[in-house]
Amino acid sequence: MTIQSVPSFTLLDGTTIPWIAWGNGTGLSNKSAVECGQLALESGVRHIDTAQLYKTEKETGEAIAKSSLKRDDVYVTSKLSANDDGSPVPLDKVVSSVKESTDRLGFVPNLYLIHNPYVAAPGELKAMWKILEDLKSQGKLNSIGVSNFRPQDLETILDGAKYKPVINQLEFHPYLLAHLQPVLDLQAKHGILTASYGTLSPILRHPTGGPLKPVLERIAERISKVVGKKVDANTVLLLWTRAQGVVVVTASGTPERIQGLGEIATLPDLLEEEEVNEITRVGKTIHFRNYTEHMENNFPVPNLPRE
C-alpha cells in the first residue's frame, strides 16, 4: 500500500515537522512502545514523540529499526526531563544527560526540548538553554525547543538567545485558548510554533464535553456525508488543531486508534472556515485544563466557567 505524504509545518530554523505525532508517554503506548510505535509508522504516521521521563527512548529507536521505514523517513522528538525524583538537572550534568538520550535512541533526534521550566533549578533556565544552543552549534543536537513554557519562561530564554526555540509543546485545545493567549501572542511575535498534547481533552477528559461537544459532533456528521465514511468528533478536533498551525502529539495504545491516526495524518483540509472559527469562538467561553502542574503556576487563569 502506498502511504500519501503527511502535511508538515516549516519551523523557524528552516526544517519541516510532520503535523501529527504518535506519542509514547502514557498508558499502553508507553508499555508497548516498540509494537505500537512500529504499528503507527506502518499505518502512515511519520513522527514519534518521546522523552527521558517516558523511559521509551530506546524503544523509539527499536520501533523505527523494526519498521519498513528508513531512519530519515521518521521525525523524532525527545526531551530533557527532570531527574527521576523530580529534582532539577544540574547544569554540569546537562551535556551527559543529552548524550544519554541520543545513545538510547541510537541517533540525534530531529527535535529536542526542555520538558518544562522546572527541569532547570531556579535562576538557571537561561544557562540551560545556552547549553542546548552550544550542543546545536556543535552538531550534537538538531532543532531545539521547549515544553510547558509560560510567557515568563519564554522571555527568559529569548533574551539574547542565539537560537530561538522552534517549538513550545503544551496542552492545547479550544478550552485553553483564553488562558494561552499571552503565550500564543509571544510565540507569534518570534515565529515559535506550538505543539499540542492533551488535544482531545475537551472530548475525553472534560466531565460533560461542554458546549463544544454538539458543535464537533455536528461538523463530524457533515464531513462523514462528504467523504462517505464515519468521521468522529476527535478527528474534527485534530483537524481544527492543524488548521491553527499547531503540531498534534497524541498517544494511543489501541491498535485500531493507532491505525486511525495514520488515516487522519494524510487527510486533506475538510473543515470550512466558519467551522474553524466556530470551534475557536465556543472554546474561548470555557477554561478547562487537564494538566495543571506547570502552566497554572504563576500564570493567572481567566475568569471563565469550566462547563
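A residue counts as exposed when its relative accessible area is over 50%, and as buried when that area is under 20%. Values between these limits make a residue partly exposed. These terms are applied here to a predicted model.

Lys 55 lies in the loop between strand E4 (47-49) and helix H3 (57-66). Asp 84 lies in the loop between strand E5 (75-80) and helix H4 (94-105). The pair therefore ties together parts that are 29 residues apart in sequence.

The structure holds 15 salt bridges. Another joins Glu 62 to Lys 58, again with the closest N and O atoms 2.7 Å apart. Both residues belong to helix H3, where a spacing of four residues separates them by about one helical turn. An α-helix has 3.6 residues a turn, so residues three or four places apart point the same way. Glu 62 has a relative accessibility of 30% and so counts as partly exposed. Lys 58 is partly exposed as well, with a relative accessible area of 47%.

A salt bridge between buried residues is also present. Asp 153 pairs with Arg 150, and their closest N and O atoms are 2.9 Å apart. The relative accessible area of Asp 153 is 5%, so this residue is buried. Arg 150 is buried too, because its relative accessible area is 7%. Elsewhere, salt bridges link Glu 171, Arg 289 and Glu 296 in a network.

The strands of the fold were examined next. Eight of them form a closed barrel, in the order E3-E4-E5-E6-E7-E8-E9-E10. Their pairing is parallel. On average, neighbouring strands of this sheet are turned by 25° against each other, direction ignored. Strand E9 (residues 193-197) pairs with strand E10 (residues 247-250) in the parallel sense, over two bridges. Ser 196 has Val 248 as its bridge partner in E10.

Helix H11 (residues 255-265) packs on the sheet. This helix touches strand E3 (20-23) and E10. The direction of H11 makes about 165° with that of E3. Within H11, the buried residues are Ile 258, Leu 261, Gly 262, Ile 264 and Ala 265. They cover an arc of only 165° around the axis, so they sit on the same side of H11. Their cover includes E3, helix H2 (33-43), helix H10 (233-243) and E10.

The nonpolar interior was considered last. In soluble globular proteins, nonpolar side chains tend to be buried together. The largest nonpolar core of this model has 87 residues. Within this core, Ile 20, Leu 132, Ile 167 and Val 236 touch the most other members. Leu 132 is in contact with Val 94, Val 98, Ile 114, Leu 141 and Ile 144, leaving aside neighbours within four places in sequence.

Ile 17 lies in strand E2 (residues 16-18). With a relative accessible area of 1%, Ile 17 is buried. Not counting residues up to four places away in sequence, Ile 17 touches Ser 8, Phe 9, Leu 11, His 47, Tyr 75, Leu 111, Ile 167 and Val 247. The C-alpha atoms of Ile 17 and Pro 7 are separated by 8.6 Å, and these two residues are 10 residues apart along the chain.

Notes
Residues are numbered from 1 along each chain as its sequence is written. This is a predicted model: local features need pLDDT of at least 70, side-chain atom pairs count only at pLDDT 80 or more; totals for chains, interfaces and linings use all residues. Side-chain values use heavy atoms; hydrogens and water are left out. Two strands pair if DSSP finds at least two bridges between them. Axes are lines fitted to C-alpha atoms, for helices over the stretch in contact, and angles run from 0 to 180 degrees between N-to-C directions. Contact means heavy atoms within 4.5 Å. Buried means under 20% relative accessible area, exposed over 50%, partly exposed in between (1.4 Å probe, protein chains only). The arc is that of the directions from the helix axis to the C-beta atoms. A nonpolar core is a set of buried Ala, Val, Leu, Ile, Met, Phe, Trp, Tyr and Cys residues joined through side-chain atoms within 4.5 Å. A salt bridge is a side-chain nitrogen of Lys or Arg within 4 Å of a carboxyl oxygen of Asp or Glu.
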